[in-house]
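Open the model in your viewer and keep the selection tool at hand. The stops below are meant to be taken in order.

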Amino acid sequence: MTSAPTIPEVHISVTSSEMAVRDALSKLLTALGPLDLDVEDAGTVELVMAEAMNNIVEHAYPEGDVPGPIRLACAHSDDGLHIKITDSGRPMPDGTTPVGRPTNLDVDFCDLPEGGFGWFLIQDLAKEVEYRRVDNDNQLTFRLPVGT
Amino acid sequence: MELSSRQDGPLQIVAVIGSRIDAAVAIEFKDAMRAATDTPSPTVILDLSEVEFIDSSGLGAIVASMKHLGQSRSLVLAGLTPTVEKVFRLTRMDSVFGVFPTLQDALDAQAA
């Protein structure tokens, strides 16, 4: 019996910025290389991780605040990638993640949405999304059903 | 964020030179599109075939570019790579734009 490829747990830490998000994504995808994800699954990982980290850059460490750490932990198991993203920035406004409803496209041309897609994409593609405020940290955990 | 632009009769074809339209370059992209489409062309085809990744900020920047053209001009998207196509499909934004797999498909549709 051949077992599916697996990888050791991945840990990546960067200091919050838009370019740091690119750096973290590139490091994560490189570390996931041995899983040989297809283009669809690799896209899911890059997209969800980008949206989650962009939210941290924009809202947890908004302009004017001192940029702090964004830490990723990624463990591979039978049912996919178990992700934990931690930052030490401002908490989620309501102590929970936005529901992430699909944006309403049945609107006038000039009212077409230019934002509000991020949480929808996260909630649509990730499973078991949970947010916790632990001491001074935000912890977002979820599972990506890829590499199974 | 570099764009290249050429005119083909009433069509303007703007190609993105670069592999990502993400949060780091979304504003730059929007500004570059605004400058590149300062033409009277009724139809602008945005060739995305070099773009491998787009996030919600990049998607928002493309929507903003379309809105900037106004309702009398149209922005058509061509050459969507798999992850770019996925973002448009999941957000249902593929129903707002004309979307074509290749630049040639987009040109053929305009000629038809």
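This is a predicted model: local features need pLDDT of at least 70, side-chain atom pairs count only at pLDDT 80 or more; totals for chains, interfaces and linings use all residues.

**Helix α2 of chain A.** Select residues 39-60 of chain A, which form helix α2. From first C-alpha to last, the 22 residues of α2(A) reach 30 Å, close to the 32 Å expected at 1.5 Å a residue. Colour by accessibility: 16 of the 22 residues are buried, and α2(A) is mostly covered. Now zoom in on the start of α2(A), where the backbone nitrogen of Glu40(A) has a side-chain oxygen of Asp38(A) within 3.2 Å.

**The largest nonpolar core.** This core holds 75 residues. Select Met49(A), Phe142(A), Leu46(B), Leu48(B), Ile62(B), Leu75(B) and Phe88(B), the members that touch the most others. Helix α2 of chain A supplies the largest share of the core, ten residues.

**Around Leu75(B).** Centre on Leu75(B) and hide its neighbours within four places in sequence. Its remaining contacts are Met33(B), Val44(B), Leu46(B), Ile62(B), Ser65(B), Met66(B), Leu69(B), Phe97(B) and Gly98(B).

**Cysteines.** Is Cys74(A) buried or exposed? Cys74(A) has 2% relative accessibility, so it counts as buried, the limit being under 20%. Cys110(A) counts as exposed because its relative accessibility is 55%, over the 50% mark. How many disulfides does a search of the whole structure find? The search over all chains finds zero.

Definitions and conventions. Residues are numbered from 1 along each chain as its sequence is written. Chains are lettered from A and ligands numbered from 1 in the order in which they are written. Side-chain values use heavy atoms; hydrogens and water are left out. A disulfide is a pair of cysteine sulfur atoms within 2.5 Å. Buried means under 20% relative accessible area, exposed over 50%, partly exposed in between (1.4 Å probe, protein chains only). A nonpolar core is a set of buried Ala, Val, Leu, Ile, Met, Phe, Trp, Tyr and Cys residues joined through side-chain atoms within 4.5 Å. Helices (H or I, at least four residues) and strands (E, at least two) are DSSP runs, numbered from the N terminus. Contact means heavy atoms within 4.5 Å. The expected span of a helix is 1.5 Å times one less than its number of residues. A polar contact is a pair of N or O atoms within 3.5 Å; within protein, one must be able to donate a hydrogen and the other to accept it, and residues adjacent in sequence count only if both atoms are side-chain atoms.
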